[in-house]
Amino acid sequence: MSDSSPDLEVKAEIPVNRWPLVFAVFAALAVLFYLLEPILLPFVLGALTGYLGDPLVDRVEERGGSRTFGVILVFLFFTTLSLVALFFAVPVLLQQLDGLIGRVPVVYAWLRDVAVPWLQSRTLVTGASLPQIDWSAQLLENWQSLGKVTASTISRITGSGLGLLLGMANIALVPVVAFYLMRDWDDIAERILHLMPKAWQTGTQQMVREADEVVGAFLRGQFVVMCALGALYATGLYLAGIELALLLGLVAGLASIVPYLGFIVGITASLIAAWLQFHEPLPLLYVAVVFGVGQLIESMVLTPVLVGDRIGLHPVMVIFALMAGGQLAGFVGVVVALPVAAVIKVFASHALVHYRNSALYTDLDQDSDGDRGGESHRDA
């Protein structure tokens, strides 16, 4: 008597269609992300920190150190950078923001009395002029409203013990999540891979490597490029005597996430700031030299060394991903936009390869070739 029953044999022969299950899992994850978005920020920031620090921890582990020791070293490095930014850069940045706000009336007066008449004298647009604005009253009103909003927000947070506790817990969760993810990153990735069907594990591992290459190019390479360019531009503008050097360098560095956008935004804003500060052509030349040198260093040193020839995202895709992420999930969406876009790009490229190798694509080509052959036969 056989141990296996006919019912079990029939069930074993029934093919399993995995794709509906995969789509259902991804749909469920998307819905869950949307519903839990208000509490995801500390986990997303912790995961981002863990991802950025994982290669450094791997290097410590390769040189004989324990993984926990590597995580501690990475945390000390990140903490030092954060403290330097908090105690040195932030006060200077706030001071320059205050100076920029104080220059708003001067900039507006220059636009109204110089820039607009100059454009009108050289174009067909006439009769248009900027209105007179009492900037003292406007700035005072806006700063008062900003102060009221800030005060009400602080009072609402501090007035509610639960709200204050939740805010502190969210801040404290970021390093905790980052610590555990950096320590167990490889194990978590291995366990997730083993959840996939065995027939898909090899292909999934290859696509995950490619996705990691794309994400790494932006979240590691491009992030370091942005920081380096921001520091380079800020230092160069400071040496050129520009008062808003740190603010302009920060803006140019952040905008560098899109290729050439940082250069365009930075040099335009810096030229305007230099002209309004000095009213002389020589500082404009200094600004041009700073951004020219920065662009050369980026194209010849920073990008080849830090990003290399790895797969990149198209600039339009970067802009769309950031805007779509912000629209769908606010700041959390902006943080996860580029990693998600990179993964989608890799999976879409593989799907396109499968489509071009499928019968659907090749049959269409054969049909069109047959039609063209029939038409040429009729013409003959």
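**Close-up views of a salt-bridge network and a nonpolar patch**

View 1. At 6% relative accessibility, Asp54 is buried (buried: under 20% relative accessible area; exposed: over 50%; partly exposed: in between; 1.4 Å probe, protein chains only). In this predicted model, local features need pLDDT of at least 70 and side-chain atom pairs count only at pLDDT 80 or more, while totals for chains, interfaces and linings use all residues. Residues are numbered from 1 along each chain as its sequence is written, and side-chain values use heavy atoms, with hydrogens and water left out. Asp54 forms a salt bridge with Arg67, with 2.5 Å between the closest N and O atoms (a salt bridge is a side-chain nitrogen of Lys or Arg within 4 Å of a carboxyl oxygen of Asp or Glu). Arg67 is also buried, at 11% relative accessible area.

**View 2. The salt-bridge network around Arg67.** Asp54, Asp58, Glu61, Arg67 and Asp186 are linked in a network of salt bridges. Asp58 pairs with Arg67 at 2.8 Å between the closest N and O atoms. A further salt bridge joins Arg67 to Asp186 (3.8 Å, N to O). Asp186 is partly exposed, with a relative accessible area of 37%.

**View 3. A nonpolar surface patch.** Leu21, Val25, Phe26, Leu29, Val31, Leu32, Tyr34, Leu35, Leu36 and Ile39 form a nonpolar patch with about 1,000 Å² of accessible area together. Patches take residues with over 30% relative accessible area and no salt bridge, joining like charges within 9 Å and nonpolar side chains (Val, Leu, Ile, Met, Phe, Trp, Tyr) within 5 Å; accessible areas come from the Shrake-Rupley method with a 1.4 Å probe, and for residues only the protein chains shown count as cover. Val31 is partly exposed, at 47% relative accessibility.
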